[in-house]
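Subject: Structure for your files

Dear colleague,

Here is the structure I said I would pass on. My notes on it follow below the entry.

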Amino acid sequence: MNPRLPFALLCLLAVTGPLTAATPAAVRPNILIILADDLGYSDLGCYGGEIPTPHLDALAKNGLRFTQMGTSARCCPSRASLLTGLHPAQAGIPNFAGSLNDQCVTLAEVLRDSGYATYAVGKWHVGTGPALPTARGFDEFYGYTNGYSQDQWTPGSYQRLPVGRSPELTPKASEFYATDVFNDYALEFIKQGTATKKPWLLYLAHSSPHFPLQAPAKSVEPFLDTYRRGWDVLRAERFERMQKIGLADSAAWKLTERSLVPVEENNAIANGYSGLPNPAWDSLPKNRQEDLAHRMAVYAAMVQHVDSGVGLIVDQLKATGQLEHTLILFLSDNGACYEWGPFGFDEKSRDAITTLHEGDALASMGGPGTHMAYGSAWAGLSNTPFRFYKHFTHQGGILTPLIVHWPTHIQSPGRWVRDPAHLMDVMATLVDITAATYPSQRAGKPVLPMEGVSLTPTFRDGGALAARSICFQHIGAKAIIRGNWKLVEGKKMPTPSQWELYDLRTDPCETLDLAARHPDLVQSLAAEWNAWAQRTGVPDSAAQKNTKKAPMAGKGK
């Protein structure tokens with residue numbers, strides 16, 4: 001069998017024999033991509049987390065779980081890579097802000113041109129005007145396009161494109177909760193796609209569990225006793241579960257110490273811990289612990305609402321006979337978010353004021369009129385067992401869970417896939433399985449070739465991805481992975497940042513810096529990273545310094 005044929009066609013050949021002119025349309029699956037926002041590496045039950053996620057766990061049991069799926073460390077650059085198959089700078093979003101450019105094509109543009117119905121829901125964050133979702137290949141969209149964090153309780157923050165489409169599913173303000181409404185629109189768009197008699201693509205990009213942390217009170221209350229136990233106990237328990245389920249599969253995996261709080265010019269927004277380790281839970285007074293337990297309980301409730309939506313979608317796919325014919329990908333856009341200190345914040349301002357909630361004020365946390373984050377210490381729990389967070393290119397910042405569900409095409413489901421991969425590989429994977437044509441031009445202008453590789457070899461038991469280097473950067477944080485080696489440099493450190501070197505085979509959690517032992521390897525990897533940065537248009541150091549100052553806390557991350 002010819003290994004160069006698209007994956008879906010190889011599967012069909014194995015069953016039906018030679019191709020016919022009608023073959024590509026006959027085997028093309030529906031595509032469902034579900035993207036969470038700021039979800040940590042181990043928040044899901046199937047990755048060791050204590051948050052109940054039964055519907056995602058079921059997909060994982062009957063599919064694949066990736067252990068080294070990389071992102072671009074922050075919301076909009078990660079979305080640019082996912083949607084285009086390119087590095088973020090190539091697509092027009094090198095760091096924070098920017099817009100999809102004319103050098104790229106989106107998943108929706110490629111698949112719509114090959115006969116797919118295309119839909120998007122939720123957070124867009126890759127441009128407006130000529131970069132709106134309906135201008136970049138999606139037939140319909142519901143959500144928000146300006147990229148900033150939106151209040152989950154305010155219907156007016158969201159829009160339907162094209163304007164005037166029906167049915168309009170947005171409930172009245174007293175019943176509105178954005179995560180649930182996104183799930184409702186996903187169900188509706190799947191229904192519409194099914195009615196077209198075409199295969200369909202749905203990109204469901206949740207804003208949960210990104211701040212502002214908001215969830216219905218009845219969803220929050222069941223989690224409070226769990227999080228009153230604190231992050232130290234829960235990190236240890238998560239790591240033990242990760243070992244039991246085979247994710248942490250050897251003694252090489254270590255539960256790291258509590259991460260440093262990044263250095264901030266204004267130590268107040270870091271709650272006085274700028275450049276220091278996150279505090280021990282037991283060192284905090286009871287009133288602070290209670291405030292923090294409520295913050296994490298709201299976060300967990302948001303994740304559970306995402307999982308409940310997955311359950312509704314799977315039920316609808318089962319009822320219409322489409323589940324076996326639908327490729328489902330679930331992942332996050334980066335690691336958990338530390339902003340700005342261990343106590344979180346409560347204000348839409350650069351000062352990121354932290355409020356200590358006590359008494360009756362505790363019950364309102366996460367409700368209408370509130371705007372809060374959970375802080376760096378809970379982010380450390382979400383990223384168990386890794387160090388650091390979103391914005392960083394250490395493992396805690398770039399690794400995401402990835403669940404792949406497509407039972408009829410995945411051999412030996414329930415496996416862990418340990419090959420290094422990246423969000424940009426999604427484009428190549430979909431082109432492969434749909435037999436779509438990736439174009440050389442868009443609107444008469446040349447587009448850049450795909451940078452990612454198809455993940456379909458991992459769908460076969462024993463299959464592996466070819467060796468390659470994968471590079472990362474985000475406003476001064478940078479990294480390269482080549483084989484077992486990772487070279488990484490942080491930012492906002494209490495000491496001057498410099499290259500660190502880790503052997504991920506023996507030290508997957510980056511606990512032993514080997515840079516001093518292997519100076520030649522450091523030099524080689526750094527040179528390769530620099531060549532990649534120049535080739536792909538990564539801003540130079542001066543440009544990074546100019547963009548180092550973070551945007552307002554209320555303006556999304």
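Is Glu 264 buried or exposed? With a relative accessible area of 10%, Glu 264 is buried. Please keep in mind throughout that this is a predicted model.

Overall fold

The protein chain has 16 helices and 16 strands. Its radius of gyration is 22 Å, close to the 24 Å that the globule rule gives for 557 residues, so the chain is as compact as a globular protein of that length. The C-alpha trace spans about 70 × 60 × 45 Å along its principal axes. Of the 557 residues, 61% are buried. Taking contacts between residues at least 6 apart in sequence, 73% join residues at least 24 apart.

Salt bridges

The structure holds 32 salt bridges. Side chains of opposite charge can pair when their charged atoms come close. Three of these pairs are described here, starting with the residue asked about above.

Glu 264 forms a salt bridge with Lys 492, at 3.4 Å from N to O.

Arg 258 pairs with Asp 232, and their closest N and O atoms are 2.9 Å apart. Here too the pair links distant parts of the chain, with Arg 258 in the loop between helix H10 (231-244) and helix H11 (286-319) and Asp 232 in helix H10, 26 residues apart. Arg 258 is partly exposed at 33% relative accessible area, and Asp 232 counts as partly exposed at 25%.

Asp 249 and Arg 418 meet in a salt bridge of 3.4 Å, N to O. They too come from distant parts of the chain: Asp 249 is in the loop between H10 and H11, Arg 418 is in the loop between strand S9 (415-417) and strand S10 (421-422), and they are 169 residues apart. Asp 249 has a relative accessibility of 45% and counts as partly exposed; Arg 418 counts as partly exposed at 27%.

Salt bridges with shared partners also join Asp 102, Glu 109, Arg 136, Arg 442 and Lys 445 into one network.

Glu 489 lies in strand S15 and is buried, with a relative accessible area of 14%. Setting aside neighbours within four places in sequence, Glu 489 is in contact with Thr 393, His 394, Gly 476, Ala 477, Lys 478, Ser 497, Gln 498 and Trp 499.

Lys 491 is in the loop between S15 and S16. Lys 491 is buried, at 11% relative accessible area. Its contacts beyond four places in sequence are His 391, Phe 392, His 474, Ile 475, Ala 477 and Ser 497. The C-alpha atoms of Lys 491 and Ala 477 are separated by 5.6 Å, although the two residues are 14 apart along the chain.

Helix H7

Helix H7 (residues 178-195) has 18 residues and reaches 26 Å from its first C-alpha to its last, close to the 26 Å expected at 1.5 Å a residue. H7 is mostly covered, with 13 of its 18 residues buried. Just after H7, Lys 197 takes a positive phi of about 65°.

Cysteines

How many disulfides are there? The count comes to zero. A disulfide is a covalent bond between the sulfur atoms of two cysteines, and the cut-off applied here is 2.5 Å between the sulfur atoms. For Cys 46, the closest cysteine sulfur is in Cys 509, 18 Å away, which is too far for a bond. For Cys 104, the closest is in Cys 76 at 14 Å, again too far for a bond. Cys 46 counts as buried at 6% relative accessibility, and Cys 104 is buried at 0%.

Regards

Key: Residues are numbered from 1 along each chain as its sequence is written. This is a predicted model: local features need pLDDT of at least 70, side-chain atom pairs count only at pLDDT 80 or more; totals for chains, interfaces and linings use all residues. Side-chain values use heavy atoms; hydrogens and water are left out. Helices (H or I, at least four residues) and strands (E, at least two) are DSSP runs, numbered from the N terminus. The expected span of a helix is 1.5 Å times one less than its number of residues. Buried means under 20% relative accessible area, exposed over 50%, partly exposed in between (1.4 Å probe, protein chains only). A salt bridge is a side-chain nitrogen of Lys or Arg within 4 Å of a carboxyl oxygen of Asp or Glu. Contact means heavy atoms within 4.5 Å. The radius of gyration is taken over C-alpha atoms; the globule rule is 2.2 Å times the number of residues to the power 0.38.
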